[in-house]
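Visitor: I am new here and would like a short tour. Please show me the structure, and then I will ask.

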Amino acid sequence: MGEFKVHRVRFFNYVPSGIRCVAYNNQSNRLAVSRTDGTVEIYNLSANYFQEKFFPGHESRATEALCWAEGQRLFSAGLNGEIMEYDLQALNIKYAMDAFGGPIWSMAASPSGSQLLVGCEDGSVKLFQITPDKIQFERNFDRQKSRILSLSWHPSGTHIAAGSIDYISVFDVKSGSAVHKMIVDRQYMGVSKRKCIVWGVAFLSDGTIISVDSAGKVQFWDSATGTLVKSHLIANADVQSIAVADQEDSFVVGTAEGTVFHFQLVPVTSNSSEKQWVRTKPFQHHTHDVRTVAHSPTALISGGTDTHLVFRPLMEKVEVKNYDAALRKITFPHRCLISCSKKRQLLLFQFAHHLELWRLGSTVATGKNGDTLPLSKNADHLLHLKTKGPENIICSCISPCGSWIAYSTVSRFFLYRLNYEHDNISLKRVSKMPAFLRSALQILFSEDSTKLFVASNQGALHIVQLSGGSFKHLHAFQPQSVEAMCLLAVSPDGNWLAASGTSAGVHVYNVKQLKLHCTVPAYNFPVTAMAIAPNTNNLVIAHSDQQVFEYSIPDKQYTDWSRTVQKQGFHHLWLQRDTPITHISFHPKRPMHILLHDAYMFCIIDKSLPLPNDKTLLYNPFPPTNESDVIRRRTAHAFKISKIYKPLLFMDLLDERTLVAVERPLDDIIAQLPPPIKKKKFGT
Amino acid sequence: MAALEEEFTLSSVVLSAGPEGLLGVEQSDKTDQFLVTDSGRTVILYKVSDQKPLGSWSVKQGQIITCPAVCNFQTGEYVVVHDNKVLRIWNNEDVNLDKVFKATLSAEVYRILSVQGTEPLVLFKEGAVRGLEALLADPQQKIETVISDEEVIKWTKFFVVFRHPVLIFITEKHGNYFAYVQMFNSRILTKYTLLLGQDENSVIKSFTASVDRKFISLMSLSSDGCIYETLIPIRPADPEKNQSLVKSLLLKAVVSGNARNGVALTALDQDHVAVLGSPLAASKECLSVWNIKFQTLQTSKELPQGTSGQLWYYGEHLFMLHGKSLTVIPYKCEVSSLAGALGKLKHSQDPGTHVVSHFVNWETPQGCGLGFQNSEQSRRILRRRKIEVSLQPEVPPSKQLLSTIMKDSEKHIEVEVRKFLALKQTPDFHTVIGDTVTGLLESLCPDLMEIALKKKDVQLLQLCLQQFPDIPESVTCACLKIFLSIGDDSLQETDVNMESVFDYSINSVHDEKMEEQTEILQNGFNPEEDKCNNCDQELNKKPQDETKESTSCPVVQKRAALLNAILHSAYSETFLLPHLKDIPAQHITLFLKYLYFLYLKCSENATMTLPGIHPPTLNQIMDWICLLLDANFTVVVMMPEAKRLLINLYKLVKSQISVYSELNKIEVSFRELQKLNQEKNNRGLYSIEVLELF
């Protein structure tokens, strides 16, 4: 296959934000996740847990609560006191509405989905009616003494439970008055703590209220009498979250010690109808606070300060013991945060509020496989570009020539011109951006850096001509559907532009004639990455189910190779990978090669070689030794895989013989997190 | 968990129970309804849940019921026999027993037996059996005599096994007991003699039986208060021959043997039996439920008014005569959910797991002969799990036993081995046992090692030690005593397996080197730390004869092989220690010498192993040295001849400790080396590397 010099980059100092809330939607099998920086992500659990949508964060918008209502409408509320609804098609915020109760700590949608309840800092519980295109304030419940930290509806919708500091209130929804007030014991292992915060409540249909609190207790209350039924002390620290299964036969809680406990309703004796709640399984998949948990029909979902989103399938609920039954830990975003200027060997790193530009180093030495070469020049940090305003960066791109940098936030689009004079670089912002370029979901430069393609959040695709620092809007392709486009690919000759949304097919536009060329047939799974090959103009598309298609744009049909692959099927190990392919590129001199990578491997597909079947070894890290060429040729297959670099966030070919790989070791991320609760370990 | 619930009496009506109690309690065709026959003239049908009688029938004054009324489940009618020969059949509508169907038989009836799903059987006092229908067709038919004169039927029970009616009855003649098993369909009658074992003068007070697959498990409560189990095959191998059955002790002293009142026993389910009787001679009578699997008393209930020593069990009810009234105690054995207690609900159908069969597939023996002996299986784990056996072409009697063992279940093997041991010893006894023992468990034939110990049969003991994974510590220690005390000349004659012993005299040249080495090692030790300076000095003056002593094996090879078998056997320290104290001091010294010698041999090579096929391991040697010293330290210390040995041991231990502390230091250095290695892999933030893809 060949030898490469690999620039192994570990200075991308990316730290994902901690997870604050998760909300599972049973109808669509999707999970909404909000992070501490206000970002909201949507994971499609049916599509191999792919992160198909995201809403960029905002400094002042700390999301404290997230819920689905009215079927598939997503709401969030936070410490800025606003309730927001997200537009899942256009990928923007539909509206934000002040609840006028101070910071909002909790929110819950009614069982019917038509009402929304928020718990505020001032102790008020406010009921909102969900109208088809907005929400409308209905009334306040009896004001409580202190902030309402948790809310739960009774499945019948007649009562709610509200967790506050030191007590739990039960409200009658009709009258809005508190029916019961249940005082939570402050005592913690004999020591009276200052306060006992009820972090979570769950109201079951039999009238039981389950509460979790800062004293490490899980308690069961009888809402009819307002009495404590049972108490489990499960942690030495706060129990911060609770989620109950729809069948109400199991629930999950998360603690500040990083432990997740599973409780199940188990018969007291076999064959008896009398059942009791029993703590069954503890899981320790987190190092830090588990701020939030969710309970899907088949899995426990947890997230917290350590930034991992963990799916723990319940083995007894899993029908077939296939790869779906495995534990999943999602740490990195399923999109590319890095772009690269091949010509100048530059890397542009995108962070939440700034961009970093780095120049790769060089070496003159050569070596054999596995050698680390002495550097003649180290990598340089050229630029640190901070955004103005509180909004997070949505996307960014550096042009292949290295002279342009573009990025966008929700409200503004920025384009910069870079000038290189020896070792100095100067940066100049291109001002007077047209109004329609307000916000972009994806930015891409053409190979010759003369054109800029922008996918706006209104669904339109803009083509902008760049020439020597000036700027000219050429054309806008009007949206084919309401769905926003979040992936772009342009052919190296600049003639073709492909754009893809999250679910509909890939649209291919003719840039010369400025018209829609064709639409690649829609596929069941979302596109995770795509690219157009040089010369042949074959569009290579990777989907979240790990399928890879090759579509010939000139012929408007799938290529023969792609058909062969589909006929034979991918190797089972290839299909079992659990991270999506996030980037595809091509070898400039070898048209038969496709380079693609996910977080744990990169692969060069050599289309000239036979495909592997399930019997062949997919991944063989060892060089053929002492074997005759015949055997080597016989065992060789199209997939050349390397797992040396991981977790791999970006990989591209700089030139024929040079690769750049950006790794982000998990240890480096953990080192930057706040310290976890110290637990006494034996011998320390 | 088995439990007895609150008792209740069936009626306030005082039954005319004679001194013998009731005649019987039998099921009727409706659940919850039972036929109670008193010892006089009356049959009463009770509904248990209502605690009241539904009907009552009496025979005429002057007549007497001699056989409890039963229900013919096929017709729903009731059958009773009065005056030994007169059979009456009636149903619920009949009022007067005089007016119902009557048949006079030609012989005296012992009992009518009826179970669900088959026609009732009539058992005559002479042992003949007839179906009710066949008997009614010709009531005056001639009834043959099956049992001999003076033989009396004591007890009987009727089973349906795989839809075949099987009748068992026990007879007694001059203190001997016989069991008859009648396969009713095939009309095969098999007679067994029940061997009572050593305790010849015990009398069996009560019987009960349960049936599983191939065996009738006959449980008997003897006058010594113990419950014994006898397994009777349903399908006999050789029906013509008079066969004998051996009983095995199931539960010890559950009731007082010499109680005034009667005792009764009934099997409740596979694992539980109910016993009626006084636990102590003077105490009041009790109904107790025992778990025979775990040998534990599950529950018990005092019956202060005394009973008739009769007990019946149907469905979930135990019936007994308490004082003058018929008392019912419901018995429940609910499956307690461990899952519920532990919070783990078992998935009912887990495709990943399968039940491990209790029965061994004999077609594919897992181990064979020597190969099996060498296998390093954890013997404790094997307990009651697998039985492996190797088949070798052998002399007929052993072959017969072996083939039985190969074909049958664990329980059957137990029966066969017991039978074999109970018989007189044959000339080829050893050979047979030798072949049989391979793969058996000690607990299956506890008498075997006892006999071998009595006869000082070291060859057999070695075999047992090698093969049995579950030898009690007391037996292990008894073996050790014999191995240490037996004379060299008598050892000469035996044929002991020598595979664990290596001829150490071969590499005596190497030994010299070893001795030098220990001296060098001594140099690494700092004598200043030593608190026993003069003894150390004394030690440093190494006499020539001591060297010789430590290099030559202190015991003959055959004895070494036997001792190695002890070293290999499994034990638990707590149970072994008290027994070790009983061994004479000179034997302890000898054994210590041998262990010291083995330890020196072990230290000769870097891997710390002994040569040979199956040698004792270093850990085994060390453990036994510790054990012996723990158990007998005060004794050994006082012995002048052991002094040198102890000093040598002490010196050796000390030098070894110093060696290991040095090794510790080296280990720390190497750990640093490992750290260096790790750092090499941990690269900086940026590097350019060469990668070749293949």
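Guide: Some notes on the model come next, followed by questions and answers.
Guide: This is a predicted model, where local features need pLDDT of at least 70, side-chain atom pairs count only at pLDDT 80 or more, and totals for chains, interfaces and linings use all residues. Residues are numbered from 1 along each chain as its sequence is written, chains are lettered from A and ligands numbered from 1 in the order in which they are written, and side-chain values use heavy atoms, with hydrogens and water left out.

Visitor: How many helices and strands does chain A have?
Guide: Helices (H or I, at least four residues) and strands (E, at least two) are DSSP runs, numbered from the N terminus. By that count, chain A has four helices and 58 strands.

Visitor: What share of the residues of chain B count as buried?
Guide: Buried means under 20% relative accessible area, exposed over 50%, and partly exposed in between (1.4 Å probe, protein chains only). In chain A, with 684 residues, the buried share is 59%. For the 694 residues of chain B, it is 50%.

Visitor: In chain B, what share of contacts with a separation of 6 or more comes from residues 24 or more positions apart?
Guide: A contact means heavy atoms within 4.5 Å. In chain A, among contacts between residues at least 6 apart in sequence, 48% join residues at least 24 apart. In chain B, the share is 55%.

Visitor: Which residue in β39(A) stands opposite A:Tyr407?
Guide: Strand β38 (residues 404–408) and strand β39 (residues 413–421) of chain A run antiparallel, joined by five bridges. Opposite A:Tyr407 stands A:Phe414.

Visitor: Why is strand β4 of chain B largely enclosed by the rest of the structure?
Guide: Take its faces in turn. On one side, B:Gln33, B:Leu35 and B:Thr37 are buried, and on the other, B:Phe34 and B:Val36. Strand β4 (residues 33–37) is largely enclosed because the buried residues number five of the five.

Visitor: What is the bridge partner of B:Val25 in β4(B)?
Guide: Strand β3 (residues 24–27) of chain B pairs with β4(B) in the antiparallel sense over four bridges. Their hairpin has five residues between the strands, and B:Asp32 there takes a positive phi near 80°. The partner of B:Val25 is B:Val36.

Visitor: Which residue in β5(B) stands opposite B:Gln33?
Guide: β4(B) runs antiparallel to strand β5 (residues 42–47) of chain B, and five bridges join them. These strands form a hairpin with four residues between them. B:Gln33 faces B:Lys47.

Visitor: Is B:Tyr660 buried, partly exposed or exposed?
Guide: B:Tyr660 lies in helix α19 (residues 640–681) of chain B. Its relative accessibility is 42%, so B:Tyr660 counts as partly exposed.

Conventions: Two strands pair if DSSP finds at least two bridges between them.
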